[in-house]
Amino acid sequence: MDNLVRLNSVSDYNKRVGQETLHPLVSVIDLSKSKPLPHERLHFGFYTIYLKEIKCGDLKYGCNYYDYQEGTLVFVSPGQVLGIEPNREYYQPKGYALTFHPDLIRGTALARHMNDYNFFSYEVFEALHLSESERNVIVDCFSKIDFELKRPIDKHSKTLIVTNIELFLNYCLRFYDRQFITRDHVHKGILEKFEHNLNDYFQSDKPKTLGLPSVSFFADELNLSANYFGDLIKKETGKSAQEYIQSKLMDLAKEKIFDTSKSVSEIAYELGFKYPQHFSRSFKQSVGYSPNEYRMLN
């Protein structure tokens with residue numbers, strides 16, 4: 001953790017980029033007006049969203065998969081680290097940054113729904129790539145927040161700022177849905193790889209050594225964050241990744257139950273269940289019959 005710069009507050013971030021702090025808990029920064037910055041690894045204590053003005057090649061991640069080059073949104077949540085190892089080079093950032101501290105939204109409807117915005121736990125290479133019209137919508141949201149920050153604070157200020165942040169995040173949900181569709185050729189390949197890896201898992205000794213397959217295991221296999229992988233599978237199949245795995249598991253269990261030379265316990269261990277009774281319970285919940293009842297029916 002050496003060479004890690006900790007930014008605990010919005011004002012810490014503003015000082016780093018050489019900008020005035022208008023509100024202690026939220027800011028909108030035009031990065032083109034900031035001072036040149038060194039390359040550093042940053043630990044964030046607050047939410048940060050970058051609207052990066054990029055050309056393919058400026059980022060190490062995913063250049064072959066960029067659908068648009070007008071702008072890219074990168075989301076950072078409290079506790080995350082972003083950046084590269086320090087060196088002697090400085091760079092002039094471009095684009096915008098929206099920062100807000102969790103204290104800003106405590107007690108609001110937005111705070112209760114922050115877990116709905118899975119993209120805060122996506123990786124950098126799973127960023128949101130915007131079309132020109134989408135970028136205009138995002139800049140307009142930032143402008144409305146900035147307008148409120150530059151006005152004298154009154155009883156409406158917090159409500160309007162938080163409401164516009166929520167509006168911005170809801171637009172991001174819509175635009176990510178669009179991205180899942182427009183990058184369909186990429187995602188189809190991921191779904192095929194997932195299906196292949198899932199089959200390989202059950203044909204190997206992994207169920208006996210690792211247990212039941214997990215969403216995080218296959219996300220790691222595909223070099224994706226668990227949340228992005230889960231959202232992608234949901235968009236492609238209508239099932240969550242866990243539901244998809246469970247469906248595959250039960251289909252395989254049905255096939256194995258036809259082999260009467262094996263006991264239900266043996267089948268349970270082969271599939272990765274630690275305890276046969278857990279397998280029986282899961283099978284009945286999914287199929288409507290216990291393994292032995294299903295065997296007798298067929």
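I started at R41, which stands opposite G83 in strand 7. Before going on, I noted that this is a predicted model, where local features need pLDDT of at least 70, side-chain atom pairs count only at pLDDT 80 or more, and totals for chains, interfaces and linings use all residues. Residues are numbered from 1 along each chain as its sequence is written, and side-chain values use heavy atoms, with hydrogens and water left out.

My helices (H or I, at least four residues) and strands (E, at least two) are DSSP runs, numbered from the N terminus. Two strands pair if DSSP finds at least two bridges between them. Strand 4 and strand 7 (residues 81–83) run antiparallel and are joined by three bridges. Strand 4 also pairs with strand 1 (residues 4–7), this time in the parallel sense over four bridges. There I found R6 opposite H43.

Which way do the side chains go? R41 and H43 point one way from strand 4, L42 and F44 the other way, and all are buried. For the record, buried is under 20% relative accessible area, exposed is over 50%, and partly exposed is in between (1.4 Å probe, protein chains only).

**A97**

Next I looked up A97, which is found in strand 9 (residues 95–100). A97 is buried, with a relative accessible area of 0%. Contact here means heavy atoms within 4.5 Å. Leaving aside neighbours within four places in sequence, A97 is in contact with Y13, S27, V28, I29, L31, I49 and Y50. I also checked T48: C-alpha to C-alpha, T48 and A97 are 6.8 Å apart, though 49 residues separate them in sequence.

**Salt bridges**

How many salt bridges does the structure hold? I get 10, with a salt bridge being a side-chain nitrogen of Lys or Arg within 4 Å of a carboxyl oxygen of Asp or Glu. Side chains of opposite charge can pair when their charged atoms come close.

R16 and E40 meet in one of these, at 3.1 Å, N to O. The pair links distant parts of the chain, 24 residues apart: R16 is in helix 1 (residues 10–17), and E40 is in the loop between strand 3 (37–38) and strand 4 (41–44). R16 counts as buried at 13% relative accessibility, while E40 counts as partly exposed at 24%.

D140 and K144 form another, with the closest N and O atoms 2.5 Å apart. They are four residues apart in helix 4 (residues 132–149), so about one helical turn separates them. Both D140, at 38%, and K144, at 35%, are partly exposed.

For K150 and D146, the closest N and O atoms are 3.0 Å apart. Buried or exposed? K150 is exposed at 59%, whereas D146 is buried at 18%.

I also noted a network of salt bridges linking K256, K262 and E270.

**Helix 10 against helix 12**

Last, I took helix 10 (residues 241–257) and helix 12 (residues 276–287), whose axes come within 11 Å and cross at roughly 105°. Axes are lines fitted to C-alpha atoms, for helices over the stretch in contact, and angles run from 0 to 180 degrees between N-to-C directions. Angles of 65 to 115 degrees count as roughly perpendicular, under 35 as roughly parallel, over 145 as roughly antiparallel, and the rest as oblique. Helix 10 and helix 12 are therefore roughly perpendicular to each other.

Which residues meet? Q246, M250, A253, K254 and I257 in helix 10 meet F279, S282, F283, S286 and V287 in helix 12.
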